[in-house]
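Good morning, and thank you for making time for this item.

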Amino acid sequence: MIKNYLKIALRNLQKNKAFSIINILGMTIGMSSFMLIGIFVWEESQYDNYYKDKDRTYRLYDILTSDNGQVSYLPTIPPVFGPKLLSDYPEVESTLRIMDLKQDVLITIEGESAYYKGAVYSEASIFDMMDVDLISGNQETALERPNTIVISESFANTLFGSKDAVGESIELSQQPYEVTGVYADFSNHSHLNPPMILSFASFTQYMPETRMNDWIWHQFYTYVKFKNPIDVSDFESKLNDMVADNAPPKEKFGLVYESHIQNISDIYLKSSMFERDMAKRGNITTLYALSAS
């Protein structure tokens, strides 16, 4: 029976070659497109879903409104937020502050110099918060002192080849740094992928205490991990009470801001509105459109 069906099908194909080719080609293109869209949607949805504590980890952001009514979404917040949350809010387990250097840095090793991008200052809590695997060096002390730096495994290979990078000295923008650790490259599905992380103390050693306690200087990407899952609206209400109690009045700087939190697994796909974001970003609207097509 099946043999007869195949014979009939082949005869029809030979009898209507042009029509058959168009149908087969259309079906092939349609199936290929469906598969490619499916792979793309799956890939995009995997970002930042691998963190072990993703349900308790959030990034803070602010919505600024100026005197003229202009609204800005900033993924950076004032430096004082991290320490304040850690000391005053018992539901907070840990915080993390990161500052993006933004420009390329000049690295010099044994007289050879080259510019590289992607450097950040960070507190040591990045190891736990971002599930960073330090494969060489001591996690407890690697980012403790000023002028220390940890680098990714691939960047270590770029700078030092097969040589152990830990203990090596480099000049970074004409400042001496000691390499105190090498970490496994961040996942391809991470919104962050810095090739080098400078100790936060390397930056704060030059900053007066009043500057680091500022409530207006929006410069720091700040993450918070809670001890238990929280009610987002309730915690955001606490955040804004904190801002109202401490931030200078609008008349002084001509702006007000509202503080919010964003789950770490939402950063990649739901951050298109942010200005000056160092995070790798996709677009949830595009994903919805492709999924519906």
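Aspartate 100 is located in strand β3, residues 92-100; strands here are DSSP runs of E of at least two residues, helices are runs of H or I of at least four, and both are numbered from the N terminus. The model is a predicted one, in which local features need pLDDT of at least 70 and side-chain atom pairs count only at pLDDT 80 or more, while totals for chains, interfaces and linings use all residues. Residues are numbered from 1 along each chain as its sequence is written, and side-chain values use heavy atoms, with hydrogens and water left out.

Is aspartate 100 buried or exposed, and which side chain of opposite charge is nearest? Aspartate 100 is buried and has no salt bridge; the nearest such side chain, lysine 102, is 4.6 Å away. Buried means under 20% relative accessible area, exposed over 50%, and partly exposed in between, with a 1.4 Å probe and protein chains only. A salt bridge requires a side-chain nitrogen of Lys or Arg within 4 Å of a carboxyl oxygen of Asp or Glu. As to charge, Lys and Arg count as positive, Asp and Glu as negative, and His and the chain ends are not counted.

A polar atom of the aspartate 100 side chain does lie 3.1 Å from the backbone nitrogen of lysine 102. Beyond neighbours within four places in sequence, aspartate 100 is in contact (heavy atoms within 4.5 Å) with Ala119, Val120, Tyr221 and Met278.

I turn to the salt bridges. The whole structure contains 13 of them. In one, the side chains of aspartate 53 and lysine 225 meet at 2.9 Å, N to O. Aspartate 53 belongs to the loop between α2 (17-45) and β1 (57-66), and lysine 225 to strand β12 (residues 221-226), so this pair ties together parts 172 residues apart in sequence. Both partners are buried: aspartate 53 has a relative accessible area of 15%, and lysine 225 one of 1%.

A second salt bridge joins the side chains of arginine 145 and glutamate 178, at 3.1 Å, N to O. Arginine 145 lies in the loop between β7 (134-137) and β8 (148-152), and glutamate 178 in strand β10 (residues 175-183), 33 residues apart. Here arginine 145 is partly exposed at 39%, as is glutamate 178 at 29%.

Next, histidine 191, which sits in the loop between β10 and β11 (196-199). With 2% relative accessibility, histidine 191 counts as buried. Which side chain forms a polar contact with that of histidine 191? The partner is tyrosine 223, at 2.8 Å; a polar contact is a pair of N or O atoms within 3.5 Å, where within protein one must be able to donate a hydrogen and the other to accept it, and residues adjacent in sequence count only if both atoms are side-chain atoms. Histidine 191 and alanine 279 are 88 residues apart in sequence, yet 5.1 Å apart in space, C-alpha to C-alpha.

Finally, the aromatic residues. The structure holds 15 aromatic pairs, defined by ring centres of Phe, Tyr and Trp (its six-membered ring) within 6.5 Å, with planes under 30 degrees apart called stacked, over 60 edge-to-face and the rest tilted. Tyrosine 183 and phenylalanine 186 are edge-to-face, 5.8 Å centre to centre with 85° between the planes, and both are buried. One aromatic cluster consists of Tyr121, Phe200, Phe203, Trp217 and Phe220.
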